[in-house]
Amino acid sequence: DVIARLDADQAQTLESAQAKAAQEMTTAYQEVRDAQVKLDNFDVPSDFDGMTPSEAVSAMLVKLDKARADFEPYKDLSDRSLELTAAEKKNGVERGTAKNYKKVLDDAWARYRKAIQWMELEATLQNARCYSKQKTSTWRNRSRPAMRKDRWNCVSATRCLRTRWAPRPGA
């Protein structure tokens, strides 16, 4: 009778499992460091002061939707007529309602993208931290002296086999 079957392809020694867990933990810590550096190097616009990344995305989406609605009557104008002239670029003053709304729309898109970028950096860091915690837990479980646990499992399995499948005395 076969009680258990082990797949030899998945079998590992304790040492190889510990080494693999340590390598995974090291990689996870590196991912946290990399994500933290990217977030630290990100310049959060002053528009977003006092906001979380998701609040910034929501606020910028509202502004973007308003800019879209304001620009809607002018959307069919040619790009050429909406381009700023050299003088307008130089002094920063646009002439014409359509050009003003186009600039507001472009700025709203830029701020919205910036908010999404901030949210992605935050999410990446949070995911890296969760992955790191998971790998640290795996490493700790594999690096503890497992003898007591393995011995307990063997004793439990032996008891189970004796009580369920061994012939009972007098049976």
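Analyst: A residue is called buried when its relative accessible area is under 20%, exposed when that area is over 50%, and partly exposed in between (1.4 Å probe, protein chains only). Tyrosine 112 is buried by this rule, as its relative accessible area is 16%. Please note that this is a predicted model, in which local features need pLDDT of at least 70 and side-chain atom pairs count only at pLDDT 80 or more, while totals for chains, interfaces and linings use all residues. Residues are numbered from 1 along each chain as its sequence is written, and side-chain values use heavy atoms, leaving out hydrogens and water.

User: What share of the residues in the protein is buried?

Analyst: Of the 171 residues in the protein, 19% are buried. The surface can also be given as an area, by the Shrake-Rupley method with a 1.4 Å probe, where only the protein chains shown count as cover for residues. The protein exposes about 13,300 Å², and carbon and sulfur atoms supply 53% of that area.

User: How many helices and strands does the protein have?

Analyst: Helices (H or I, at least four residues) and strands (E, at least two) are DSSP runs, numbered from the N terminus. Here there are six helices and zero strands, and the order from the N terminus on is α-α-α-α-α-α.

User: Which residues have the most contacts inside the largest nonpolar core?

Analyst: A nonpolar core is a set of buried Ala, Val, Leu, Ile, Met, Phe, Trp, Tyr and Cys residues joined through side-chain atoms within 4.5 Å. The largest one has 19 residues, and Phe48, Ala115 and Trp118 have the most contacts inside it. Two or more residues of this core come from each of α1 (14-40), α2 (53-71) and α5 (97-143). Helix α5 gives the largest share, eight residues.

User: Which residues is alanine 115 in contact with, leaving aside its neighbours within four places in sequence?

Analyst: Contact means heavy atoms within 4.5 Å. With those neighbours left aside, alanine 115 touches Phe48, Pro53, Ala56, Val57 and Met60. A second example is serine 132, which is also found in helix α5. Serine 132 is buried, at 6% relative accessible area, and beyond its neighbours within four places in sequence it is in contact with Ala28, Tyr29 and Val32. For the protein as a whole, consider contacts between residues at least 6 apart in sequence: 79% of them join residues at least 24 apart.

User: How many aromatic pairs does a search of the whole structure find?

Analyst: A pair of aromatic rings is described by the distance of the centres and the angle of the planes. Rings of Phe, Tyr and Trp (its six-membered ring) pair if their centres lie within 6.5 Å; planes under 30 degrees apart count as stacked, over 60 as edge-to-face and the rest as tilted. The search finds two pairs. Phenylalanine 48 and tryptophan 118 are stacked, with 5.8 Å centre to centre and 5° between the planes. Phenylalanine 48 lies in the loop between α1 and α2 and tryptophan 118 in helix α5, so this pair ties together parts that are 70 residues apart in sequence. Phenylalanine 48 is buried, at 1% relative accessible area, and tryptophan 118 is buried at 8%. Tryptophan 109 and tyrosine 112 form an edge-to-face pair, with 6.1 Å centre to centre and 70° between the planes. Tryptophan 109 and tyrosine 112 are three residues apart in helix α5, or about one helical turn. Tryptophan 109 is partly exposed, at 28% relative accessibility.

User: How many salt bridges does the structure hold?

Analyst: A salt bridge is a side-chain nitrogen of Lys or Arg within 4 Å of a carboxyl oxygen of Asp or Glu. The structure holds six. One of them joins arginine 68 to aspartate 65, with the closest N and O atoms 3.3 Å apart. Arginine 68 and aspartate 65 are three residues apart in helix α2, about one helical turn. Arginine 68 is partly exposed at 36% relative accessibility, and aspartate 65 is partly exposed at 38% relative accessible area. Another salt bridge links lysine 103 and aspartate 107 (3.2 Å, N to O), which both lie in helix α5, four residues apart.

User: Where does the charged end of lysine 102 sit?

Analyst: A charge sits over a ring if NZ of Lys or CZ of Arg is within 6 Å of the ring centre and within 35 degrees of the ring normal. The charged end of lysine 102 sits over the ring of phenylalanine 71, 6.0 Å from its centre. Lysine 102 also forms a salt bridge with aspartate 106, where the closest N and O atoms are 3.1 Å apart. Lysine 102 is partly exposed, with a relative accessible area of 25%.
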